[in-house]
Number of protein chains: 2
Amino acid sequence: MDFFETVFKRYTHKTKFLADSVPLADLELIAKAGLAAPTGNNTQCVKLVILRDKKSVEELCEISPTEGLKTAPAAIAVFTDMAASKGIKNFEMEDYAAAAENMLLAAVALGYVSAWLDSPYFDDDKRLAAEELLNAPEWYKLWVVLPIGLPDGEGTRRSKIPFEELVSYGKIGDM
Amino acid sequence: MDFFETVFKRYTHKTKFLADSVPLADLELIAKAGLAAPTGNNTQCVKLVILRDKKSVEELCEISPTEGLKTAPAAIAVFTDMAASKGIKNFEMEDYAAAAENMLLAAVALGYVSAWLDSPYFDDDKRLAAEELLNAPEWYKLWVVLPIGLPDGEGTRRSKIPFEELVSYGKIGDM
């Protein structure tokens with residue numbers, strides 16, 4: 001799919017997915033797109049876990065049930081490895097976010113929908129439980145899980161502030 | 001350009017740009033792609049300043065001279081508006097990062113190169129000076145400037161850790 005078509009087609013799919021499974025090759029291509037994002041100082045601290053079937057997604061979903069994950073046939077969990085930065089200034093929030101955005105777009109480019117599901121892991125206990133389920137060592141942090149699949153009906157697109165209110169030319173406020 | 005071609009073609013261009021100017025329509029399309037990224041709770045806190053000519057880029061570059069910005073014919077400065085979240089949990093780092101990544105890709109899709117130039121603004125004094133130059137109110141924060149233009153010779157691509165070392169299946173460490 002064309003880049004700009006992809007970027008403007010993407011939305012956050014918070015509702016149901018069809019049960020159709022996602023071929024592993026597609027999940028791997030999405031992961032590769034994620035890892036192609038830049039990382040601060042090239043630490044490449046982003047680590048991914050591909051959950052390729054409904055059962056493994058459901059196990060994760062049990063820790064913090066959310067509508068967006070319950071029916072997903074596949075998902076990618078996005079971690080950062082805090083040991084990767086080896087004392088260099090750490091950019092793990094930017095790094096995971098850029099990788100996640102690439103993967104959301106890659107999912108759309110392949111005809112799927114996805115969502116940035118981080119709220120289930122704001123609660124430290126739930127995040128730690130999810131990290132344990134996924135065998136993460138203690139120097140890994142789970143930030144977000146991206147459910148991936150075909151939509152069971154297109155979800156709602158949220159309203160957008162007009163371009164003119166968010167962009168200035170030369171100086172803030174200049175049109 | 002195809003989405004996957006774009007994502008795998010992108011690299012961080014840290015060296016010189018050609019002097020050719022970038023049409024405003026291209027800069028606006030790149031900005032639109034940036035603003036199409038998701039924001040936490042849909043606060044849409046990301047604000048952009050388009051620097052459409054060499055002179056305005058040079059003024060900004062004087063505050064914190066970097067090789068990557070010195071020759072750029074255009075740039076987009078990425079701010080977050082801390083007032084936009086109105087007491088909702090703030091995701092400004094993820095939000096600006098997702099928007100910046102969309103714009104880096106959009107630049108590549110249009111045949112340009114760019115870079116994630118944040119290091120000039122780690123120094124608070126320089127960041128504040130840049131914010132003042134760009135007329136930002138005090139509740140705006142400048143995170144990154146993306147130089148945009150045609151490359152004067154392709155820059156160096158940094159080495160990448162093999163896919164197999166960054167991705168697991170089902171559980172961390174499982175192949």
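Visitor: Is β1(A) enclosed or open to the outside, and how many of its residues are buried?

Guide: A residue counts as buried if 20 or more other C-beta atoms lie within 10 Å of its own, as exposed if 12 or fewer do, and as partly exposed in between, with C-beta atoms placed from the backbone. In this predicted model, 6 of the 6 residues of β1(A) are buried, so the strand is largely enclosed by the rest of the structure. Strands (E, at least two residues) and helices (H or I, at least four) are DSSP runs, numbered from the N terminus. The model is a predicted one, in which local features need pLDDT of at least 70 and side-chain atom pairs count only at pLDDT 80 or more, while totals for chains, interfaces and linings use all residues. Residues are numbered from 1 along each chain as its sequence is written, and chains are lettered from A and ligands numbered from 1 in the order in which they are written.

Visitor: Which residues point one way from β1(A), and which the other way?

Guide: In a regular strand the side chains alternate between the two faces of the sheet. Here A:Val46, A:Leu48 and A:Ile50 point one way, A:Lys47, A:Val49 and A:Leu51 point the other way, and all are buried.

Visitor: What is the strand order of the open sheet?

Guide: Two strands pair if DSSP finds at least two bridges between them. The order is β3(A)-β2(A)-β1(A)-β4(B), an open sheet of 4 strands with mixed pairing. Its edge strands, β3 (140-148) of chain A and β4 of chain B, each pair on one side only. From one strand to the next, the twist averages 20°.

Visitor: In which sense do the neighbouring strands run, and over how many bridges?

Guide: β1(A) and β2(A) run antiparallel and are joined by 6 bridges; A:Leu48 stands opposite A:Val78 there. β2 (residues 74-81) and β3 of chain A are also antiparallel, over 8 bridges, and A:Ala77 has A:Val145 as its bridge partner. Across the chain boundary, β1(A) pairs with β4 (residues 167-169) of chain B in the parallel sense over 3 bridges. In β4(B), B:Val167 stands opposite A:Leu48, and B:Tyr169 stands opposite A:Ile50.

Visitor: Which strands does α2(A) lie across, and at what angle to β1(A) does it run?

Guide: Axes are lines fitted to C-alpha atoms, for helices over the stretch in contact, and angles run from 0 to 180 degrees between N-to-C directions. α2(A) lies across β1, β2 and β3 of chain A together with β4 of chain B, at about 165° to β1(A). Helix α3 (residues 54-63) of chain A lies across β1, β2 and β3 of chain A, at about 115° to β1(A).

Visitor: How many residues of each chain are in contact with the other chain?

Guide: Contact requires that the C-beta atoms of two residues, placed from the backbone, lie within 7 Å. By that rule, 52 residues of chain A are in contact with 52 residues of chain B. The largest share of the side of chain A that touches chain B, 9 residues, comes from α5(A). Of the 18 residues of α5(A), 17 are buried.
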